[in-house]
Amino acid sequence: MPDLTINRRALLTKLGGASAIAILPAEALADALEHELMDQAAYGPECSEIDIIKVGRDVRRGAGQIFDKTIVPKLYKMPERPTLIDFFKLRFSEPTVSHCLKSAAHALNEGQPERNIMASLVHDIVINLIKTDHAWWGADLIAPYVDERITWGVRHHQALRFYADAEAGYEYPELYRCVFGKDFEPEPYIQNAYSQARGHQWYMEARMITLNDTYGFTPGPAPDIDQFTDIIARNWRQPEQGLGFDDSASAHMWRTLLNPERPL
Ligand SMILES: [Fe+2]
Ligand SMILES: [Fe+2]
């Protein structure tokens, strides 16, 4: 009979402490126990504990804001069939909500087409989930629910942000000189994405996102999501089952946003 003893204290730490365990669904806790036993079976209890320490400390840049308790300290209870507005009000981090709302409000005040307003509203929401290559992830997250031009624009806005367009009124962001260094050359895949987008008929879909994006950093309180209710209703295909439960190609991403503490 193999030794199936669990290091209780180490497991508690790994799962976020006793209070986090208290709100874990039974199935999630069972999964966590099973995973722990699998680790022990593969590496032995000592190695398993080393791995636990690493899990707590070595978080790479792929982790989005929802996983950082200093940015999103509390996960509010979500409705059974959550909508995009529910995510804005109850789940997304304050910095992403503020940035996206300010970008979209600029588009609205400028009288831009609803498609551009909607694109700006959702262009960075995926940063809650993941930061690296956020435009590609962001496009995948929204693709089942929006016009394909919105998805295309969101996918290309990251590459376009590295390239000025004087005619469109877009300058290279000063912020990037700080983040990437003043002699930064975007990687080849960014260069390729840009050159493909530059000659594309939908170029302005992405360029408008980058223009509106610069207004997303304006200091001051964020606009209210409720002023976008009608635009969302006309430009977002809300699934009847709720985001995360409609079996779409990105439903798993919405479920992760709903429950970022699920161990597996
Ligand atoms: Fe972005
Ligand atoms: Fe942005």
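1. "Buried" here requires 20 or more other C-beta atoms within 10 Å of a residue's own, against 12 or fewer for exposed and anything in between for partly exposed, with C-beta atoms placed from the backbone. Please keep in mind that this is a predicted model, in which local features need pLDDT of at least 70 and side-chain atom pairs count only at pLDDT 80 or more, while totals for chains, interfaces and linings use all residues. Residues are numbered from 1 along each chain as its sequence is written, and chains are lettered from A and ligands numbered from 1 in the order in which they are written.

2. For orientation, the protein has 13 helices and zero strands (helices are DSSP runs of H or I of at least four residues, strands are E runs of at least two, and both are numbered from the N terminus). The pattern along the sequence is α-α-α-α-α-α-α-α-α-α-α-α-α. Of the 264 residues in the protein, 32% are buried. Among contacts between residues at least 6 apart in sequence, 71% join residues at least 24 apart, a contact being two C-beta atoms, placed from the backbone, within 7 Å.

3. Back to H7. Seven of its nine residues are buried, so H7 is largely enclosed by the rest of the structure. The buried ones are His134, Ala135, Trp137, Gly138, Ala139, Leu141 and Ile142.

4. How do H7 (residues 134-142) and H8 (residues 148-160) sit against each other? Their axes come within 7 Å and cross at roughly 165° (axes are lines fitted to C-alpha atoms, for helices over the stretch in contact, and angles run from 0 to 180 degrees between N-to-C directions). That crossing makes H7 roughly antiparallel to H8; the classes are under 35 degrees for roughly parallel, over 145 for roughly antiparallel, 65 to 115 for roughly perpendicular, and oblique for the rest.

5. On the H7 side, this contact is made by His134, Ala135, Trp136, Gly138, Ala139 and Ile142. H8 brings Ile150, Thr151, Val154, Arg155, His156, His157 and Gln158. The residues of the H7 and H8 contact divide into six nonpolar, six polar and one charged (Ala, Val, Leu, Ile, Met, Phe, Trp, Tyr, Cys and Pro count as nonpolar, Asp, Glu, Lys and Arg as charged, and the others, Gly among them, as polar).

6. H8 also meets H6. The axes of H6 and H8 come within 10 Å and cross at roughly 45°, which makes H6 oblique to H8. Arg115, Met118, Ala119 and Val122 of H6 make this contact with Arg149, Ile150, Gly153 and Val154 of H8. By class, the residues of the H6 and H8 contact are five nonpolar, one polar and two charged.

7. Which residues of the largest nonpolar core touch the most other members? Of its 49 residues, they are Ala104, Met118, Val122, Ile142 and Val154. Such a core is a set of buried Ala, Val, Leu, Ile, Met, Phe, Trp, Tyr and Cys residues joined through C-beta atoms within 7 Å. Leaving aside neighbours within four places in sequence, Val122 is in contact with Cys100, Ile142 and Val154. The elements that give two or more residues to this core are H4 (84-90), H5 (94-109), H6, H7, H8, H10 (188-198), H11 (203-214) and H13. H5 gives the most, with seven residues.

8. Most residues other than glycine have a negative phi. Asp133, in the loop between H6 and H7, has a positive phi of about 50° although it is not a glycine. With 13 C-beta neighbours inside 10 Å, Asp133 counts as partly exposed. Its C-alpha lies 9.7 Å from that of Ile190, 57 residues apart in sequence. Asp247 sits in the loop between H12 (229-235) and H13, and its phi is near 65°, again a positive value in a residue other than glycine. Asp247 has 10 C-beta neighbours inside 10 Å and therefore counts as exposed.

9. One more loop aspartate, Asp224, is found between H11 and H12. With 12 C-beta neighbours inside 10 Å, Asp224 counts as exposed. Asp224 and Lys102 are 122 residues apart in sequence and 9.4 Å apart in space, C-alpha to C-alpha.
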